[in-house]
Amino acid sequence: MTNKELQLTAANVRKGIVTAVHSAKSGHPGGSLSAADMFTYLYFEEMNIDPKNPKDPGRDRFVLSKGHTAPGLYSTLANRGYFPVEDLTTLRKLGSYLQGHPCMTETPGVDMSTGSLGQGVSAAVGMALAAKLNGDSYRVYALTGDGEIQEGQIWEAFMFAGAKKIDNLTVIIDNNGLQIDGKIEDVCSPYPIDKKLEAFNFNVICIDGHDFDQIRDAFAKAKECKGMPTAIIMKTTKGKGVSYMENQAGWHGKAPNDEEYEQAIKELDEQIAKINEAEV
Amino acid sequence: MGEVIKIATRESYGNALVELGQKNPNVVVLDADLAGATKTSTFKKAFPDRHIDCGIAEANMTGIAAGISTCGKIPFISSFAMFAAGRNFEQVRNSIGYPHLNVKIGATHAGITVGEDGASHQCLEDIALMRTIPGMTVIVPSDDVEAKAAVMAAAETDGPFYMRFGRAAVPVINDNPDYKFEVGKAVVLKDGTDMVIFACGVCVAEALGAAEKLAADGINAAVVNIHTIKPIDKDTILEFAKKTNRVFTVEEHSVIGGMGSAVCDVLAEEYPVKVTKIGVYDRFGKSGPAGALMKEFQLDAEGIYNKIKASV
């Protein structure tokens with residue numbers, strides 16, 4: 001995909017996020033929007049996957065360790081063709097296969113059930129290890145939050161992945177700088193994240209998580225790297241794409257009302273029009 | 001009579017894993033720096049490439065097992081019950097139980113027979129914790145024969161298993177041609193008409209000893225081995241409750257939430273009858289030799305006999 005196609009897709013993924021959370025009247029838009037470009041790149045460009053065969057044993061795997069950003073994953077999966085985009089409005093409703101947090105037994109394309117923070121990276125390490133044991137060539141990706149890495153289990157998983165040289169694993173850290181109680185450095189600073197991961201034997205790449213050239217380049221470097229796992233620390237804007245949500249911790253886990261929803265869709269449609277108009 | 005053979009069920013676990021490893025190339029074993037104690041070191045020696053030592057990080061080990069199981073492997077994770085079920089409860093619930101993954105938890109050093117290490121390492125709550133997780137099969141083998149059979153059955157059955165093994169050597173009681181292990185099917189070791197003693201784990205042999213003493217007093221007690229706590233064998237529990245109208249349960253676990261509670265859950269709904277739960281009564285363990293502790297906590301044959309005599 002060209003950057004323009006990726007940008008358009010990401011804008012549609014963002015529309016799906018806002019629509020789903022608005023319909024559910026609860027959920028987590030902030031961190032879904034900050035990672036929307038990453039979700040888009042992973043599922044439309046990077047990962048070897050087939051929406052028609054979501055359980056293909058040879059597929060690449062993705063674990064959403066920051067499981068509360070399920071609307072981001074669901075919108076991406078829907079836009080990629082795993083299930084109808086219209087079903088996003090069933091999010092969090094009784095009887096829906098779109099649970100509040102990712103559930104692998106309910107939703108096509110979800111590789112691991114997550115939601116309780118700190119547990120997903122371990123599962124991703126297990127999947128990557130299985131590939132090594134079986135001699136398979138698939139790669140494993142995990143997305144964590146910058147607040148989530150306050151959980152101790154994350155560092156157990158990082159220590160293991162670094163020590164055992166799990167080089168088919170790429171961990172992406174969404175550094176949007178905010179968590180429920182405020183700025184991550186005010187709550188309990190995890191910084192410097194890059195230095196810590198280097199010390200854990202990771203190949204660390206720092207990028208702007210809204211720049212597709214940088215995202216593309218980071219994954220190319222991750223694939224080339226042997227003998228150590230890769231961590232992509234991406235600087236992002238929480239709530240990216242919806243003006244009133246951007247950089248507001250309050251939009252971590254809150255749904256827009258009808259008026260706010262209209263405003264968000266209007267803004268995203270304007271962004272789509274602008275991308276369409278732009279020179280290739 | 002020949003000398004009674006005694007083997008710790010953790011030893012049986014390690015031996016069974018080696019046998020299983022030969023049969024099934026998908027079996028992998030994960031440890032958290034306790035391979036020597038959990039006896040999985042025997043597997044490690046036989047299949048070094050299929051043994052993963054995670055270091056002292058049980059939560060991560062649990063998550064790794066969850067991930068590896070989604071890729072067709074059958075992971076057995078090993079640690080002491082205190083950590084495998086206690087420290088790890090939420091990881092087991094959310095990363096293994098909720099997605100109903102094919103992970104087998106081999107928890108050794110359960111109960112007071114841990115001995116000298118004392119209360120911090122003597123898990124008396126694991127049966128209670130594990131049986132609350134939807135879809136979790138919970139097995140507490142009573143001896144070497146049963147422990148091996150449980151490991152084989154776990155590998156052949158899809159879904160999460162929690163298996164509780166002990167540190168101390170226990171008599172082999174199921175070494176007979178009629179013995180058949182079936183998940184969820186209790187084993188009647190001695191028929192009786194006056195009362196039934198439901199037991200599990202190390203307490204099965206002790207319950208048999210207590211029944212012998214009761215017989216000398218003219219009390220005919222049935223002894224039934226409830227090796228599977230979940231799914232529990234309702235039919236056999238009801239059959240013996242109806243036949244005897246007096247129920248005792250014996251376990252090396254807290255009386256809160258363990259096998260005795262599981263039996264009570266069945267009886268309270270379907271056949272209310274007097275039940276006396278024998279176990280550890282809302283307290284922590286102590287340091288000391290395993291045998292001395294069983295005596296101190298009145299879980300040996302003599303203690304069980306005394307408890308029963310005092311309440312009939």
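The following paragraphs describe the two chains of this predicted model and the contact between them.

Chain A contains ten helices and seven strands. Its radius of gyration is 18 Å, close to the 19 Å that the globule rule gives for 280 residues, so chain A is as compact as a globular protein of that length. Taken along the principal axes, the C-alpha atoms of chain A fill a box of roughly 50 × 45 × 45 Å. Of its 280 residues, 53% count as buried. Among the contacts in chain A with a separation of 6 or more, 76% come from residues 24 or more positions apart.

Within chain A, helix α4 spans residues 70-80 and is mostly covered, with eleven of its eleven residues buried. These residues include A:Leu73, A:Tyr74 and A:Leu77, and also A:Ser75, A:Asn79 and A:Arg80. After α4(A) comes A:Gly81, which has a positive phi, near 105°.

On the side of α1(A), the contact is made by A:Lys4, A:Gln7, A:Leu8, A:Ala11, A:Arg14, A:Lys15, A:Val18 and A:His22. On the side of α10(A), the residues are A:Tyr261, A:Ala264, A:Ile265, A:Leu268, A:Gln271, A:Ile272 and A:Ile275. By class, the residues of this contact of α1(A) with α10(A) comprise nine nonpolar, three polar and three charged.

Chain B has 13 helices and 14 strands. A compact globule with 312 residues would have a radius of gyration near 20 Å, and the 18 Å of chain B therefore agrees with that expectation. The C-alpha atoms of chain B, taken along the principal axes, fill a box of roughly 55 × 40 × 40 Å. In chain B, 59% of the 312 residues count as buried, and residues 24 or more positions apart account for 79% of the contacts with a separation of 6 or more.

One feature of chain B is an open sheet of seven strands with mixed pairing, in the order β3-β2-β4-β5-β7-β6-β12. Its edge strands are β3 (51-53) and β12 (228-230) of chain B, each of which pairs on one side only. Neighbouring strands of this sheet are turned by 20° against each other on average, direction ignored. At the β3(B) edge, strand β2(B), residues 27-31, runs parallel to β3(B) and is joined to it by three bridges. In this part of the sheet, B:Leu30 stands opposite B:Ile52 of β3(B).

The two chains also touch each other, and the contact takes 21 residues from chain A and 23 residues from chain B. On the side of chain A that touches chain B, α5 (120-134) and α6 (152-163) of chain A each supply at least two residues. Helix α5(A) gives the most to this side, with nine residues. The residues of the side of chain A that touches chain B are divided into twelve nonpolar, seven polar and two charged.

How values were computed: Residues numbered from 1 in each chain as written. Chains lettered and ligands numbered in written order. Predicted model: local features only at pLDDT ≥ 70, side-chain atom pairs only at ≥ 80, totals over all residues. Buried ≥ 20, exposed ≤ 12 C-beta atoms within 10 Å, placed from the backbone. Helix = DSSP H or I, 4+ residues; strand = E, 2+ residues; numbered from the N terminus. Contact = placed C-beta atoms within 7 Å. Nonpolar A, V, L, I, M, F, W, Y, C, P; charged D, E, K, R; others polar. Pairing = 2+ DSSP bridges. Axes fitted to C-alpha atoms, helices over the stretch in contact; angles between N-to-C directions. Rg over C-alpha atoms; globule rule 2.2 N^0.38 Å.
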